[in-house]
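Here are my notes on this one, jotted down as numbered points. Have the structure open while you go through them.

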Amino acid sequence: MKEEVNYGSTACMLFSNEELWNFLITKFENNSAVSIRTLTDDDREIDLSSHTPIQFICFDGEKRDLFISFNGTQTSIFVCDKEIMFIDENVKGIYTTSDTFGNVVYEGHLRNLSHVEILSLFADVISCFISAEEVEIVEEEALYDEENKQYNYYKTLNYEINVKNKNPNKQIKTFENITISF
């Protein structure tokens with residue numbers, strides 16, 4: 001039976017450090033290509049046991065070509081200077097075209113997911129970008145989506161993200177309106 005989720009008026013992406021450790025960071029602990037750094041909003045490195053909230057997790061150590069940023073109502077994954085935005089449905093209406101322009105915006109529903117499910121989604125997306133050398137994003141306007149009509153911040157798009165890396169075994173994963181070839 002699926003866990004019932006009710007975030008009410010609170011942001012659905014307010015994660016504790018413990019949740020970030022248990023449901024995101026540990027997914028990468030046996031991957032030798034990953035070097036985890038946890039940072040505060042003022043860019044100080046912190047220990048996972050700290051009471052200071054984690055704002056950023058870097059997956060490539062000092063390079064910072066692959067990291068995730070948490071903001072409660074929006075979480076973004078950055079890879080090779082590209083941004084993939086996950087926006088809480090309750091606040092999408094305040095975003096404008098200038099907020100989302102040039103970025104990939106995930107159109108799936110997050111509020112009906114538990115924190116474990118949301119963090120697992122992020123881990124799955126991040127895993128597509130481990131050791132990425134180059135990332136190309138192709139936007140394709142989606143068919144008119146009646147559900148997203150309420151959001152006037154941009155047109156609903158489908159994204160194809162092509163990742164260049166040294167992995168000879170290419171894979172393709174789809175996350176709602178985002179398809180990643182890596």
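**Salt bridges, a buried strand and a charged patch**

1. The count of salt bridges comes to eight. Keep in mind that this is a predicted model. A few of the pairs deserve a look, so to speak, one by one, and they come next.

2. Start with Arg-37 and Glu-62, a salt bridge whose closest N and O atoms are 3.5 Å apart. This pair links distant parts of the chain: Arg-37 sits in strand β1 (residues 37-39) and Glu-62 in the loop between β2 and β3, 25 residues apart. Arg-37 is buried, at 10% relative accessible area, while Glu-62 is exposed, at 63%. Glu-45 joins in too: Arg-37, Glu-45 and Glu-62 are linked in a network of salt bridges.

3. Next, Arg-111 and Asp-88 meet through their side chains in a salt bridge, 2.7 Å from N to O. Arg-111 counts as buried because its relative accessible area is 12%, under the 20% cut-off. Asp-88 is buried as well, at 1%.

4. Then there is Glu-133 with Lys-166, a side-chain salt bridge at 2.9 Å, N to O. Glu-133 lies in the loop between α3 and β7 and Lys-166 in the loop between β8 (157-164) and β9 (172-175), so the pair ties together parts 33 residues apart in sequence. Glu-133 is partly exposed at 40%, and Lys-166 is exposed at 70%.

5. Now for β3 (residues 66-70). Five of its five residues are buried, so the strand is largely enclosed by the rest of the structure. Leu-66, Ile-68 and Phe-70 point one way, Phe-67 and Ser-69 the other.

6. What does β3 pair with? Strand β2 (residues 56-58) pairs with β3 in the antiparallel sense over three bridges, and Phe-56 stands opposite Ser-69. Strand β4 (residues 74-79) also pairs with β3 in the antiparallel sense, over five bridges, with Thr-75 as the bridge partner of Phe-70. β3 and β4 make a hairpin with three residues between them, and Gly-72 in the turn has a positive phi of about 80 degrees.

7. Finally, the surface: Glu-134, Glu-136, Glu-140 and Glu-160 gather in a patch of negative charge. Strand β7 (residues 134-141) gives the largest share, three residues. Glu-134, in β7, is partly exposed at 46%.

How values were computed. Residues are numbered from 1 along each chain as its sequence is written. Side-chain values use heavy atoms; hydrogens and water are left out. Patches are made of residues with over 30% relative accessible area and no salt bridge: like charges are joined within 9 Å, nonpolar side chains (Val, Leu, Ile, Met, Phe, Trp, Tyr) within 5 Å. Accessible areas come from the Shrake-Rupley method with a 1.4 Å probe; for residues, only the protein chains shown count as cover. A salt bridge is a side-chain nitrogen of Lys or Arg within 4 Å of a carboxyl oxygen of Asp or Glu. Lys and Arg count as positive and Asp and Glu as negative; His and the chain ends are not counted. The place of a charge is taken as NZ of Lys, CZ of Arg, CG of Asp or CD of Glu. Helices (H or I, at least four residues) and strands (E, at least two) are DSSP runs, numbered from the N terminus. Buried means under 20% relative accessible area, exposed over 50%, partly exposed in between (1.4 Å probe, protein chains only). Two strands pair if DSSP finds at least two bridges between them.
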